[in-house]
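Take a look at the two chains below. This report walks through them step by step.

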Amino acid sequence: MRVIFKITRALLGNVYDDLRRTHPFAAERVGFLSCRVGALKPDGWVILAHEFHAVADADYLRDHSVGAMMGPDAIRKALQVALSREVCMFHAHIHGHCGHPWFSGIDLRETAKFVPDFWHVRPHMVHGAIVLSHDSVAGLCWHPQAPAPVRISEFSIVGAPMCLIRELK
Amino acid sequence: MRERYKRQSFLGSDSDTVFANCIAGLVGLGGGGSHLAQQLAHLGLGNFLLIDPDGVEESNLNRLIGATAKDVARRSRKTFVARRLIRGINPLANIASANKKWQECHQLLRGCDVIFGCVDTYRDRYELEITARRYLIPYIDIGMDVHSVGDQFSISGQVILSMPSGLCMRCLGFLRDDLLAKEAENYGAAGNRPQVVWANGALASAAVGMFTQLLTPWHPGGVSTPYLEYDGNTQTIVSSNRFECVKERQCPHFLGPHDLGDPFWIPQRVPADLQK
């Protein structure tokens with residue numbers, strides 16, 4: 001199954017700029033990308049990032065067992081965006097290294113908790129999470145019919161220069 | 001890097017992989033599109049989507065790269081000619097094709113990394129650009145025309161890169177409502193559209209250069225202009241003054257989330273192996 005995630009270079013720059021800011025107490029920042037989706041033939045999806053929604057400073061919880069813990073307001077605001085704009089939502093954060101990133105065990109556990117909440121406001125749509133490194137990206141998306149998240153197989157950073165990242169098969 | 005690509009290794013040590021992974025959609029495989037197919041195959045592009053509803057006619061032989069007199073006799077499809085041309089250069093290329101109007105198979109274009117438009121009408125260009133923007137796909141348009149000036153002729157053409165989040169063809173002044181309306185009024189009376197092989201080739205070469213600069217930039221300037229104008233009388237290609245006038249502007253035409261993705265999301269069934 002082919003799953004493509006596309007983001008413009010300009011928007012990706014905004015994401016990096018925001019997530020690299022320091023937070024008063026959290027060790028890292030997180031945010032959400034609102035996206036639209038297209039169906040691919042014969043099966044698959046193309047996820048199209050539209051806008052980045054930073055999590056407000058006040059919406060982080062003090063939890064030193066993780067790099068960043070979102071509070072209920074952060075989730076509520078993201079749910080509101082999904083509801084009012086008819087978009088799917090992808091959580092985003094950075095791992096501070098170069099090369100291909102992947103989710104930590106805590107990332108996977110926490111993401112699996114809150115991503116399905118988006119089906120309460122936007123059922124049938126795919127939602128998910130991406131993790132960025134300094135020069136690459138990886139991601140997962142959840143489909144209401146699938147028991148487990150589906151790996152995003154291709155990323156396109158659209159701009160000059162174009163960057164095409166393909167998962168190794 | 002394979003031996004055949006060593007002469008273009010200045011494009012980057014992994015440029016062969018970049019091109020091998022890329023998927024380009026070629027809409028229109030006539031004078032311009034056939035040059036593109038040939039050059040992209042030489043460049044090492046790994047994945048082609050070829051779309052053209054037409055077969056080869058006698059009048060195509062003045063410019064259709066790869067077409068032969070036998071193709072006219074057999075009424076070969078233009079997609080067949082392009083496929084044969086590409087296979088002859090790069091047998092490993094993945095080639096998908098559709099012998100249809102692109103509007104009848106537009107879903108296929110969604111999976112492309114870049115779309116090249118070699119179509120005849122402003123309406124087609126307008127609709128192709130909207131489709132490309134909707135799925136965040138860079139769209140490279142090429143076209144040429146011959147105008148009569150008194151009892152002389154003037155050859156002109158354009159190569160335009162319409163990049164998502166950049167200026168669109170309306171912003172650049174290439175697509176205008178009056179041109180679309182005039183074309184609609186003359187629908188069915190287009191007559192004999194002059195086309196010549198060298199102008200098609202010059203424009204296709206510039207487009208492939210733009211594409212290469214996009215994927216494997218070989219100097220820091222990158223794509224310096226998204227709008228090239230061809231003057232076939234002076235044999236020059238220069239950055240359009242239209243771009244110079246508007247280059248600081250933001251495109252206001254494709255902004256909202258509803259300009260992206262499927263207009264109506266129809267829940268997709270996931271493959272059986274992924275179902276709950």
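## Contacts and overall form

Two residues are in contact if their C-beta atoms, placed from the backbone, lie within 7 Å. In chain B, take the contacts with a separation of 6 or more. Residues 24 or more positions apart account for 68% of them.

This is a predicted model. It scores ipTM 0.94 and pTM 0.94. Chain B averages a pLDDT of 92. In that chain, 94% of the residues score at least 70. Where pLDDT is low, the predicted coordinates should not be read in detail.

## Chain B as a whole

Chain B contains 8 helices and 8 strands. Its C-alpha atoms fill a box of roughly 70 × 50 × 40 Å along the principal axes. How does the radius of gyration of chain B fit a compact globule? A compact globule of 276 residues would have a value near 19 Å, and chain B has 19 Å, so the two agree. Of the 276 residues, 44% count as buried.

## Where the chains meet

How many residues of chain B are in contact with chain A? The count is 32 residues of chain B, which are in contact with 35 residues of chain A. Two helices of chain B, α1 (15-21) and α7 (197-215), each supply at least two residues of the side that touches chain A. That side of chain B has 19 nonpolar, 8 polar and 5 charged residues.

## The sheet of chain A

Chain A has an open sheet of 9 strands with mixed pairing. The strand order is β9-β8-β7-β6-β2-β3-β1-β10-β11. Which strands of chain A stand at the edges? They are β9 (150-151) and β11 (163-166). Each has a single partner strand, so one side of each is left without a neighbour in the sheet.

Follow one pair at the end of that order. Strand β10 (residues 154-158) of chain A pairs with β11(A) in the antiparallel sense, over 4 bridges. Here Glu154(A) stands opposite Arg166(A), a residue of β11(A). Helix α2 (residues 72-85) of chain A lies across β2 (30-39), β3 (44-54) and β6 (88-94) of chain A. The helix runs at about 145 degrees to β6(A).

Most residues other than glycine have a negative phi, and most peptide bonds are trans. Some places here depart from that pattern.

Start with chain A. A cis peptide bond joins Lys41(A) and Pro42(A), with omega about 0 degrees. Pro42(A) is found in the loop between β2 and β3 of chain A. The peptide bond from Ala160(A) to Pro161(A) is also cis, with omega near 0 degrees. Pro161(A) lies in the loop between β10 and β11 of chain A.

Now turn to chain B. Ser165(B) is not a glycine, yet its phi is positive, about 80 degrees. Ser165(B) lies in the loop between β6 (152-162) and α6 (177-185) of chain B. Ser165(B) counts as partly exposed because it has 17 C-beta neighbours inside 10 Å. Gln235(B) also has a positive phi, near 55 degrees. Gln235(B) lies in the loop between β7 (227-231) and β8 (236-239) of chain B. Is Gln235(B) buried or exposed? Gln235(B) has 11 other C-beta atoms within 10 Å. A residue with 12 or fewer is exposed, so Gln235(B) is exposed.

Technical notes: Residues are numbered from 1 along each chain as its sequence is written. Chains are lettered from A and ligands numbered from 1 in the order in which they are written. This is a predicted model: local features need pLDDT of at least 70, side-chain atom pairs count only at pLDDT 80 or more; totals for chains, interfaces and linings use all residues. Ala, Val, Leu, Ile, Met, Phe, Trp, Tyr, Cys and Pro count as nonpolar, Asp, Glu, Lys and Arg as charged, and the others, Gly among them, as polar. pLDDT is the predictor's confidence in each residue, from 0 to 100. The radius of gyration is taken over C-alpha atoms; the globule rule is 2.2 Å times the number of residues to the power 0.38. A residue is buried if 20 or more other C-beta atoms lie within 10 Å of its own, exposed if 12 or fewer, and partly exposed in between; C-beta atoms are placed from the backbone. Two strands pair if DSSP finds at least two bridges between them. Axes are lines fitted to C-alpha atoms, for helices over the stretch in contact, and angles run from 0 to 180 degrees between N-to-C directions.
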